[in-house]
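Please look over the structure first, then read the points below.

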Amino acid sequence: MSATVSFNVASARGEQNVTLSYTRRGSGEPLLLLHGIGHHRQAWEPVIPALAAERDVIAVDLPGCGDSPALPDGMAHDLPTMSAVLKALFGALEIERPHVAGNSLGGLLALDLARAKLVRSVTALSPAGFWNDAERRYAFTVLSTMRQIARRLPPPVVERLARPALGRTLLTSTIYARPGRRSPEAVVAETLALARAQGFSETLRSGRTVQFTDDIVGTPVTVAWGSRDRLLIPRQGVRAKGVIPRARLVRLPRCGHVPMNDDPALVARVVLDGSR
C-alpha cells in the first residue's frame, strides 16, 4: 500500500511544505530506493520482495514524479534542492542514515547524499553525472524524445501497444535490455508516468551543468552498470570508478539502463551486498 508524508524544507522563500508518496515493506536496516527522471517508484517492484526479506525498504516517488506532486513555487528541481528534500524525508520517516540505492538520477542523488555523509551506503545503478558533453547531450536528446512520444500517445493507444512484446519493445527498449519481460500493465503505467511527470523539464534543464567529480570517503559505494545500457554508455562506469577509487564497480550482464526488471535476482544481490 502506498502512503504519503508531508514535511517542511528550507528554501529561499522560507520553509516550504513538501509531500512525497512512498511504499514501505520489510524489516531490518532502512534502505531507500530512488528512481530515475520521469520514472516512478514502481520501477523497483521486481526487486522489492528480495530486498524486503532483509531490509526495511522505502521506495519513494521523487518530487514531480509518480504520485508525488511537484515542488512548491520557489523550489527548484535541481540536485541541491532534491538532496535537501531527501534529507528532510529521513527525519519525517524517522530513519537515520539509511542505505540508499538509486538508478540514473536516483543514483546521482544517492551519491550526493553520500558526499554529505547522510547515508550508510550507496548502490548506484547507472548513475547520472559521469558523462562527457557529447554523452550528456545524447542522453538528454533521447530522454526528451521519449517524453514527447509519451505525451503525444493517447492512453488507449499506449494500452494497445503494450499488449504484444513487440509493442513493449517499441515503448521501452531504450531503458530495458529485455523489454518483453516487462508486463503490459507496468509499461502502460510507466509510459503515463513519463508523460505526466511535472518535474521532468526543469530537472532535465538543471542537469546540463551537473558533473560528479568528488571522491566519497568513509561510505561504502557500489557502482553497477548494465552491459546493454543504451542511455548512459557503460564506459561511464569506468569513469565513475576513476572519480571514486574505493567504489566497487559491478558489471550487470545483459541488463539495460533500468536493470531491475532485466535481472531482478542479480540486482537484488548487488544491492544487498552493497548495503552490508
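**Helix packing and pockets**

Helix H6 (residues 165-172) and helix H7 (residues 184-196) pack with their axes 11 Å apart, at an angle of about 30°. H6 is therefore roughly parallel to H7, a label for angles under 35 degrees. The model is predicted: local features need pLDDT of at least 70 and side-chain atom pairs pLDDT 80 or more, while totals for chains, interfaces and linings use all residues. Residues are numbered from 1 along each chain as its sequence is written, and side-chain values use heavy atoms, without hydrogens and water.

**H6 and H7**

- Arg 168, Leu 171 and Thr 172 of H6 make the contact (heavy atoms within 4.5 Å) with Pro 184, Val 187, Glu 190 and Thr 191 of H7.
- By class, the residues of this contact are three nonpolar, two polar and two charged.

**Largest pocket**

- The largest pocket holds about 390 Å³ of space.
- A pocket is an open set of points on a 1 Å grid where a 1.4 Å probe fits, with protein on both sides within 12 Å along at least five of seven lines; lining residues have an atom within 4 Å of a point.
- Of its 25 lining residues, Met 146, Leu 171, Thr 172, Ile 175 and Leu 194 are the closest to the centre.
- Helix H4 (133-152), H6 and H7 each give two or more residues to this lining, and H4 gives the largest share, six residues.

**Second largest pocket**

- The second largest pocket holds about 200 Å³ of space.
- Its lining has 15 residues, with His 40, Gly 66, Asp 67, Ala 193 and Arg 196 the closest to its centre.

Note on methods. Axes fitted to C-alpha atoms, helices over the stretch in contact; angles between N-to-C directions. Helix = DSSP H or I, 4+ residues; strand = E, 2+ residues; numbered from the N terminus. Parallel < 35°, antiparallel > 145°, perpendicular 65-115°, else oblique. Nonpolar A, V, L, I, M, F, W, Y, C, P; charged D, E, K, R; others polar. Points joined across faces, edges and corners; volume = space filled by probe spheres on them.
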